[in-house]
Amino acid sequence: MNTKIIRTPSRAEGGITPEEKLKMDAIAKEWIDIAMRTDPIDPEKIVPAIEALYAAADLEKPRVVIVPSPMVMAFAYGAAAWIWHCRKNPDAATYDATYDATYDATRDETYAATYAATDAATRAATYAATYTATYDATVAATDAATRAATRAATDAATDAATYDATYDATRAATYDATAAATYAATYAATYAATYDATRAATYDATRAATVAATDAATVAATRAATYDATVAATDDTHGSPEKIAAKACKDKAGDGGLMCAKLWWKPSQGGNMWAAFPSYVAAMRDVLGLQLPAFVKYQAWEDSALHGSFRIMHEEFCMVSDFPKQIHKDAENRPHNDSGPSHEWRDGWKLYHIHGVRVPQLVVEHPEHITVQMIDEETNSEVRRIMIERYGQSRYLLDAGAIVLNRDDYGVLLRRDVPEDEPIVMVRVLNSTPEPDGSLTTEEAAEIFGADKVSSQATLMRALGYESPRWKDYFLRVPPEMKTAHEAVAWTFGVSADEYHPDFQS
Amino acid sequence: MQMRQGDVFLKSVARIPAGAVEVKPDNGEVVLAYGEVTGHKHRICHFMDTGALPARLFEAGDMRFLDVQEPTNLVHEEHATVALQPGVYKVSKFGIGTQREYSPEAIRSVAD
């Protein structure tokens, strides 16, 4: 290594020294803690930070609105964005007013064409309402400018080493469990709720078209039985937090609001959950000693990441989410909690993850309510595997009607096909020794494993003083290609059936 | 000769590999395996009268071997006792041959 270490306020070259690496590790740790923070947001800190962020991009001072969770942020943003859009574009406001009327007046044959045209117009208008100019301007003024400036001020080796020590380290430790999980969940919340709301709208529309063609008295009766019941099932205040937020959004701003809510991600920034970049810049500035002009405006970006979570950048307002109340992850930094929510925000919005896979609340908190039907109806194979594991693989095999592939002296080989996944094949074996806490009577054991096998064992046990022994069985999952119980048991010890012939088993 | 006691599988082999190191007895017993959950042990006890041990356990890499010098018994809280005759056995509880279970993601080892 002949590369000379250069450190000036405008230039850093020659890689990083071991001492610098240690300081960078500390910075990465600091930003990992910031990404994972769970204390409440402080308005006195985040409001000035956001105002400075807008000022850095030469934008007008926004209304800064603090919201309790990213989910509420998405729907509140949707309603607010649509209301602002309608105020500034009076034509758009007529969309909601004419929406139902249009469908009321539309006959079946023109339905499709009108729907498509209305849909297209709404999309175009909604897209404009969620434009990302504010997002782009703030990023360009702070984040992107700083990135370019630090790259220009360092050589590749120094930049790469600093990047590894801070950006990569911070991102690896936090991203999956913070930004990615939150983003995915918020996306799912708005997508699902919007889908529900759209269904309601098409349902309403269909109903309206039927009204015109049928007797009013019949309609009144049908309405009570269908529409009211549907509304009660989907929109009441006992629904999920997502549905409640979606209802609030629709009540405030109609379908335009929901369309904007669905696009919340476009103008959103990750705040503290995008911790990797601030960690990298802090190392460039505080360890390598760079004092670049870009860092002046960048300060607002760093402060916004330090003091707030996910945020939405709108020209009129900035919505900033509070930090979660709790976050849990596994050793591989994936969102995970075996016994409760992986994430919970202070408004009660909770997410559940098992080793990075998002699962319904019931799977974690009430696995005893999982049923074979729920498992078989689950379309996500990762979620289904977790449900089967929580239900108990062997119990699922028995309850779901497994077929017996083979029964021999070594046990019983069972298979249950799983939709769109490999079959579960398990060998059920009898513990050769009867036990006081065994679950099977001799008769039951004989039924499962064959009378011969159990009776010879029972005779031996009676000789040893067990009058009415109880038996314990257990299940071992084996590769799906196993053909016999003998082959399966041999596989569990890593040998072939030919090599496995115990002279005595207990 | 092959014997199985729960998840411990013993198979006669010709000899203990060169370089194998003796595993020290635990509290006067030769313990082949500890149950991870129950704390139960697959073990060989010393003779009541002399206190001498009838067998010695050896480790070679990730494999274990049992050298039985006098007829003895392998005992466990939940399984019938297995009688062992003098000879050398490979213990399938460690490394290759450990009882395992299939999983779509990874293969897990079994411990009773």
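Asp330(A) and Arg334(A) form a salt bridge, with 3.0 Å between the closest N and O atoms; a salt bridge here is a side-chain nitrogen of Lys or Arg within 4 Å of a carboxyl oxygen of Asp or Glu. The model is predicted: local features need pLDDT of at least 70, side-chain atom pairs count only at pLDDT 80 or more, and totals for chains, interfaces and linings use all residues. Residues are numbered from 1 along each chain as its sequence is written, chains are lettered from A and ligands numbered from 1 in the order in which they are written, and side-chain values use heavy atoms, with hydrogens and water left out.

**Salt bridges**

- Over all chains, the structure holds 24 salt bridges.
- Asp330(A) counts as buried at 10% relative accessibility, while Arg334(A) is partly exposed at 25% (buried is under 20% relative accessible area, exposed over 50%, partly exposed in between, with a 1.4 Å probe and protein chains only).
- Arg395(A) and Asp399(A) meet in a salt bridge of 3.6 Å, N to O.
- Both Arg395(A) and Asp399(A) belong to helix 17 (residues 393–399) of chain A, four residues apart, about one turn of the helix; helices (H or I, at least four residues) and strands (E, at least two) are DSSP runs, numbered from the N terminus.
- Arg395(A) is partly exposed at 41%, and Asp399(A) is partly exposed at 43%.
- Arg415(A) pairs with Asp417(A) in a salt bridge whose closest N and O atoms are 3.3 Å apart.
- In chain B, a network of salt bridges links Glu29(B), Lys41(B), Arg43(B) and Glu77(B).

**Interface of chain B and chain A**

- The contact (heavy atoms within 4.5 Å) takes 25 residues from chain B and 29 residues from chain A.
- Arg4(B), Arg100(B) and Tyr102(B) supply 32% of the area that chain B buries against chain A, more than any other three residues; buried area is the accessible area (1.4 Å probe) that two parts lose on being put together, summed over both.
- The area buried between the two chains is about 2,400 Å², and carbon and sulfur atoms give 48% of that area.

**Strand pairing between the chains**

- Strand 16 (residues 504–505) of chain A pairs with strand 1 of chain B in the parallel sense over two bridges; two strands pair if DSSP finds at least two bridges between them.
- Gln505(A) stands opposite Arg4(B), which lies in strand 1 of chain B.
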